[in-house]
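Reader: Hi! Could you walk me through this one while I have it open?
Author: Happy to, let's look at it together.

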Amino acid sequence: MGRSEESLKYFEENKDVSDDIERTVAKLKEDYKEDSGLSYGDPRIQKIERFTQWLKENGSKFSKIRIRYYGQDNRGVHACEYIRGKETLLTLPKKLIITPELGRNTQIGKLLSSKPNLTDLFYLTLFLLQQLHDPLSFWQPYVDVYPHSVSSFPMFYSEEEKLMLHGSVILEDAEEEMRRMREEYENVAAVAPGFKKFTVEEYVRNKVLIKSRALKMKIDGIECKAIVPLADMFNYHYEKLGQTSWKFDQASDCFVVNAERDISLGDSVFFSE
């Protein structure tokens, strides 16, 4: 829990009628919204707190960055303290990284071992879908903050937006990708009928989200695409090339993000590769 929220809870529990205290509470709420992008009392606050606590309880370290919301599902990572170049911003142990191997080791994944054409993205999606359907999953704190909106992806544009792109290669590519994913869904379901517990719409939506968030890295000598909780909330910015660097560090068995130059308090922290 941040200092602003701790103070708010104190003042609300010990609220006086005095104007001074009311003004203090109002200012703290303004500060809290400025820090997090969320109004005090927003239900997403508790989900973010559970998520960050889960990360820390499982060995992650990130004292100088915090999550900030810009909209319902749109968020990023900001500096909550001044960060010097070469400082480590995030250390996250391997057990918190979602790898394709986790999907391959599921009951459905094992039935698909003879399907060599299935990619890392498929197995990441398979694993995530299973966690989305399991309220007792170890990954539940991450699932709770996982995005749902796909409206920014061309294949999910409204009819009005698609009309503006009529004849564009962007729309043609999106329609072809949708066709391939639906075909893949049917091919997998033919081999593993249990896959049908996920709808084709659910599969397509989550695979698109996974594709936009997966990072390519080498873990234990094997190159793969993986999902790294919290790291998948960093936004990308071509004008911020060299602001940060990241890798899976074999020596520490952790995913590590380092600042490559100074980052001021409150600034967005971007990936650029």
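**Strands, helices and cores**

Author: Let's begin with β2, which is covered on both faces: Arg-75, Val-77 and Ala-79 on one side and Gly-76 and His-78 on the other are all buried. Buried means under 20% relative accessible area with a 1.4 Å probe and protein chains only, exposed means over 50%, and partly exposed lies in between. Helices (H or I, at least four residues) and strands (E, at least two) are DSSP runs, numbered from the N terminus.

Reader: Before I go on, what kind of model is this?
Author: It is a predicted model, where local features need pLDDT of at least 70 and side-chain atom pairs count only at pLDDT 80 or more, while totals for chains, interfaces and linings use all residues. Residues are numbered from 1 along each chain as its sequence is written, and side-chain values use heavy atoms, with hydrogens and water left out.

Reader: Thanks! Which strand is joined to β2 by bridges?
Author: That is β1 (residues 65-69), which runs antiparallel to β2 with five bridges between them. Two strands pair if DSSP finds at least two bridges between them. Arg-66 has His-78 as its bridge partner in β2, and a hairpin of five residues connects β1 to β2.

Reader: Why is β2 called largely enclosed?
Author: Because five of its five residues are buried, β2 is largely enclosed by the rest of the structure.

Reader: What about the open sheet, what is its strand order?
Author: The order is β3-β8-β7, three strands with antiparallel pairing. β3 (88-93) and β7 (244-249) are the edge strands, each pairing on one side only. Between β3 and β8 (residues 254-259) there are five bridges in the antiparallel sense, and Leu-92 stands opposite Phe-255 of β8.

Reader: Switching to helices: how does the span of α9 compare with what it should be?
Author: α9 (residues 169-191) has 23 residues and should span 33 Å at 1.5 Å a residue, which agrees with the 33 Å between its end C-alpha atoms. The expected span is 1.5 Å times one less than the number of residues.

Reader: And what covers its buried residues?
Author: The cover includes α6 (120-132), α8 (159-164) and α10 (200-213), with contact meaning heavy atoms within 4.5 Å. Among the buried residues of α9 are Leu-171, Met-178, Met-181 and Tyr-185.

Reader: Why is α10 described as largely enclosed?
Author: Because 10 of the 14 residues of α10 are buried, it is largely enclosed by the rest of the structure. Its buried residues are covered by elements including β2 (75-79), α6, α9, β4 (215-219) and β5 (222-226).

Reader: Is Val-208 buried or exposed?
Author: Buried, because its relative accessibility is 6%. Val-208 is found in α10, and leaving aside neighbours within four places in sequence, Val-208 is in contact with Phe-153, Met-155, Phe-156 and Met-181. The C-alpha atoms of Val-208 and Phe-153 are separated by 8.1 Å, though these residues are 55 apart along the chain.

Reader: Last one: which residues touch the most other members of the largest nonpolar core?
Author: Of its 49 residues, those are Phe-51, Ile-65, Leu-90, Met-217, Leu-230 and Phe-255. A second, separate core of 21 residues includes Leu-118, Met-155, Tyr-185 and Tyr-203. A nonpolar core is a set of buried Ala, Val, Leu, Ile, Met, Phe, Trp, Tyr and Cys residues joined through side-chain atoms within 4.5 Å.
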